[in-house]
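Look at the structure first, then read the points grouped by topic.

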Amino acid sequence: MSAVIIPPEWNARENEITPEGAYQNRREFLKAMGIVGLGIAGALYSRPAFAAGNTLKELLFGKGKPLKTDFEKVAGLKRNAAFIADRPISDEKAALTYNNFYEFTSVKDGVWKLVDDFKPRPWQVEIAGHVEKPGTMDVDELIRSLPLEERVYRHRCVERWAMVVPWNGFPMKALIEKFRPTAKARFVRFVSFMDPEVAPGQKLQSHLPWPYNEGLTMAEAMNELAFVATGVYGHTLPVQHGAPLRIVTPWKYGYKSIKSIVKIEFTDRQPETFWSTLVPHEYPFESNVDPDVPHPRWSQRTEKMIGTGDVYETKKYNGYGKWVAGLYS
Ligand SMILES: Nc1nc2c(c(=O)[nH]1)N[C@H]1C(S)=C(S)[C@@H](COP(=O)(O)O)O[C@H]1N2
Ligand SMILES: [Mo]
């Protein structure tokens, strides 16, 4: 087996790289990253698109560039007063530059620097499975057919970071009712895009179970709180937040809120999910926020807000028990 050469950036940033994607130990993680055995050079340069001269640093952390902020405004949306978060809204630039989107990179402050080749439009969404009206629809046609509003939600990543953002989009319930699932539908499965040519993480970490997928029970998906975001901070979704369409389930850890969805499938069996396929005991299907259930690598007692660094006590269901506790009693 060839030696594993770890570049200095990797070591220095390990805490930022390994989160969600880390395993029992560093070796397991590197193995899943495709690095053990091949060595980093092998893992990288055996893949044609990267023979073109990108360095490992560029692939993981992105290239230096200005932050894009000129997104298309979404005017006239009413903020739903039922969902006012009890904390200040996070700074928009903080949210734009600190993301989990493994298709691009596992480095949170690198995602925004790697998204330029990804085109979220034109975009088709497939509706499949146990549903009266299956088919494929243009994303903008879909968005135009549903009732748009704004909701300020708290977000809690399993890695302990949290934020408060104003999403715009539509209730998931409205989407489900539009396509009319049949009595056989017990779960909803969501699938993200697959395009290693524009998403370096899918190429570099080709061992991961792409495409990213997630799921909810029908009752969860029909809950008032479940939301489908098409925008954030009063404009359309930037790629790094999951353009053109992502889900938002604020009572669950952030990995359930799948981004850049291409397929919504109604199933009679509990679907697989990306993280539970990788590490089943760490990322169960339900994954409701719960300060009393520590993750092997993070106590879930407290959380840290992006932007300010303020630390708060974590609440069960991320504070949304009023809406969702009844689902689990
Ligand atoms: N397709 C896809 N969706 C995803 C992820 C991902 O890697 N790929 N990461 C998840 C995780 S772990 C979190 S915490 C949130 C982060 O959302 P944000 O970057 O918009 O804050 O997206 C979730 N949705
Ligand atoms: Mo996360």
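## Cavities, ligand and backbone

The lining of the largest cavity divides into 11 nonpolar, seven polar and four charged residues. The model is a predicted one. The largest cavity is the space taken by ligand 1.

**The cavities**

- The structure holds three cavities of 30 Å³ or more.
- The largest cavity has a volume of about 270 Å³.
- It is lined by 22 residues, and Asn-100, Phe-101, Gly-254, Ser-257 and Lys-259 are the closest to its centre.

- The side chain of His-241 has an N or O atom 2.7 Å from an oxygen atom of ligand 1.
- Tyr-102 takes part through its backbone: an N or O atom there lies 2.8 Å from an oxygen atom of ligand 1.
- Arg-246 places a polar side-chain atom 3.0 Å from an oxygen atom of ligand 1.
- On its own, ligand 1 has 530 Å² of accessible area, and the protein covers 100% of it.

**The largest pocket**

- The largest pocket has a volume of about 370 Å³.
- Its lining counts 18 residues, with Lys-68, Phe-71, Pro-120, Leu-237 and Val-239 nearest its centre.
- By class, that lining has nine nonpolar, two polar and seven charged residues.

**Backbone exceptions**

- Most peptide bonds are trans, and most residues other than glycine have a negative phi.
- The peptide bond from Trp-210 to Pro-211 is cis, with omega near -5°.
- Pro-211 sits in the loop between helix H9 (200–204) and strand S6 (213–217).
- Ala-243 and Pro-244 are also joined by a cis peptide bond, with omega about 0°.
- The loop between strand S8 (235–236) and strand S9 (246–248) holds Pro-244.
- Ser-287 is not a glycine, yet it has a positive phi of about 50°.
- Ser-287 belongs to the loop between helix H11 (274–278) and strand S11 (302–305).

Key. Residues numbered from 1 in each chain as written. Chains lettered and ligands numbered in written order. Predicted model: local features only at pLDDT ≥ 70, side-chain atom pairs only at ≥ 80, totals over all residues. Heavy atoms only, no water. Polar contact = N/O pair within 3.5 Å; in protein donor to acceptor, adjacent residues only side chain to side chain. Areas by Shrake-Rupley, 256 points an atom, 1.4 Å probe, with all protein chains shown as cover. 1 Å grid on protein atoms, 1.4 Å probe; cavity = no way out; pocket = protein on both sides within 12 Å on 5 of 7 lines; lining within 4 Å. Sits in = over half its atoms within 2 Å of the grid points. Points joined across faces, edges and corners; volume = space filled by probe spheres on them. Nonpolar A, V, L, I, M, F, W, Y, C, P; charged D, E, K, R; others polar. Helix = DSSP H or I, 4+ residues; strand = E, 2+ residues; numbered from the N terminus.
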